[in-house]
Every structure is written in C-alpha cells, then in structure tokens.
Amino acid sequence: MSCIFCRIAAGEIPSPRVLETPDLIAIRDIAPQAPAHLLVIPRRHVESLASLEDASLGGKLLEGVREAARLAGLAEYRLIANTGASAGQTVFHLHFHVLGGRPLGALG
Ligand code: 5GP
Ligand code: ZN
C-alpha cells in the first residue's frame with residue numbers, strides 16, 4: 001500500500017486521531033498552516049473530491065468536519081479541499097483541511 005493516507009487510516013503509520021468513525025479519520029496536519037490544522041480523511045481511497053461519487057460518504061465527511069472542529073474547540077474555521085495538482089493537491093487521497101485558531105486572510 002503506497003498511499004500515505006491509506007497507511008495512516010489502516011494504522012500502519014501511527015498518527016493520533018482527533019476523531020475516528022467507521023468511515024473517516026481526522027488527524028492533525030504534520031506541517032500546520034494555522035494553530036489548528038486538521039485533516040478529515042475518508043478510510044476508503046478516493047483520489048479527490050472530483051472522483052467522489054458517493055454522496056452519502058460526502059455527507060459523512062462534512063459531518064466529520066463539523067465534529068472534528070467541535071472537538072478541537074474551533075467555533076470558526078476554514079474548510080479547504082485542494083482538488084487536482086494545479087489547485088495545490090499533493091496527496092491524492094481525498095482530504096479536507098480544517099484551519100483555525102487565528103484570523104485567516106483572504107484566499108490567495
Ligand atoms: P494537499 O496539499 O494534498 O491538499 O495536502 C496534503 C497535506 O497532508 C499537507 O498539508 C501535508 O502537510 C499533509 N501531510 C502529508 N503527509 C502527512 C503525514 O504523514 N501525516 C500528516 N499528519 N499530514 C501529512
Ligand atoms: Zn489512499
């Protein structure tokens with residue numbers, strides 16, 4: 001298994017979880033861009049939001065975002081899903097960035 005997020009989700013690479021459910025995990029980003037920087041990751045390998053065809057999983061991921069943010073104490077946060085290399089995606093296993101804990105500027 002070469003996908004880093006598949007390996008983390010399988011527990012092959014230890015990574016403390018903010019939240020885990022049968023469908024997803026939420027972990028802290030290894031290179032945080034804000035005081036709180038979570039990643040919400042489906043256990044199932046889906047390359048990106050563009051290839052997510054399961055609307056039910058999409059709903060669960062959004063619910064996971066809400067719950068992970070709540071557990072991290074974030075009342076306000078930014079949600080990002082880089083979709084494709086030109087958008088900044090570097091890990092090709094779908095994930096949502098949840099950023100907060102400081103005022104965030106306009107999107108660049
Ligand atoms: P992308 O650029 O694909 O939207 O975001 C990938 C994110 O995954 C980056 O913010 C990067 O810091 C994070 N990341 C990459 N490898 C690891 C890892 O092994 N553990 C954790 N916790 N985050 C990772
Ligand atoms: Zn994967």
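Leu 74 is found in the loop between α2 and β4 (78–80), where helices (H or I, at least four residues) and strands (E, at least two) are DSSP runs numbered from the N terminus. The structure is a predicted model, in which local features need pLDDT of at least 70 and side-chain atom pairs count only at pLDDT 80 or more, while totals for chains, interfaces and linings use all residues. Residues are numbered from 1 along each chain as its sequence is written, chains are lettered from A and ligands numbered from 1 in the order in which they are written, and side-chain values use heavy atoms, with hydrogens and water left out.

With a relative accessible area of 11%, Leu 74 is buried (under 20% relative accessible area, with exposed over 50% and partly exposed in between, for a 1.4 Å probe and protein chains only). Leaving aside residues up to four places away in sequence, Leu 74 touches Ala 36, Ala 69, Val 98, Gly 100 and Gly 101, contact meaning heavy atoms within 4.5 Å. Leu 74 and Gly 100 are 26 residues apart in sequence, yet their C-alpha atoms are 6.6 Å apart in space.

The largest nonpolar core has 17 residues, and those with the most contacts inside it are Val 40, Leu 61, Ala 68 and Val 98; such a core is a set of buried Ala, Val, Leu, Ile, Met, Phe, Trp, Tyr and Cys residues joined through side-chain atoms within 4.5 Å. At least two residues of this core are supplied by each of β2 (24–28), β3 (36–42), α2 (55–71) and β5 (96–100), and α2 gives the most, with five residues. A second, separate core of 10 residues includes Cys 6, Ala 9, Leu 39 and Ile 41.

Cys 6, buried at 14% relative accessibility, is also one of the protein donors of the zinc ion (ligand 2), which are Cys 3 (SG), Cys 6 (SG), His 45 (ND1) and His 93 (ND1), lying 2.1 to 2.3 Å from the ion. Donors are N, O and S atoms within 2.8 Å of the metal (3.2 Å for Na, K and Ca), and sites may look incomplete because water is not among the atoms. The four donor atoms subtend angles of 105 to 118°, which makes the arrangement tetrahedral, a term that applies to four donors if all angles lie between 85 and 135 degrees.

Ligand 1 has polar contacts (pairs of N or O atoms within 3.5 Å) with the protein: a polar side-chain atom of His 97 lies 2.8 Å from an oxygen atom of ligand 1, and a backbone N or O atom of Val 91 lies 2.9 Å from an oxygen atom of this ligand.

How values were computed:
Four donors count as tetrahedral if all angles lie between 85 and 135 degrees; four count as square planar and six as octahedral if opposite donors are over 155 degrees apart and all others between 65 and 115; anything else is irregular. A polar contact is a pair of N or O atoms within 3.5 Å; within protein, one must be able to donate a hydrogen and the other to accept it, and residues adjacent in sequence count only if both atoms are side-chain atoms.
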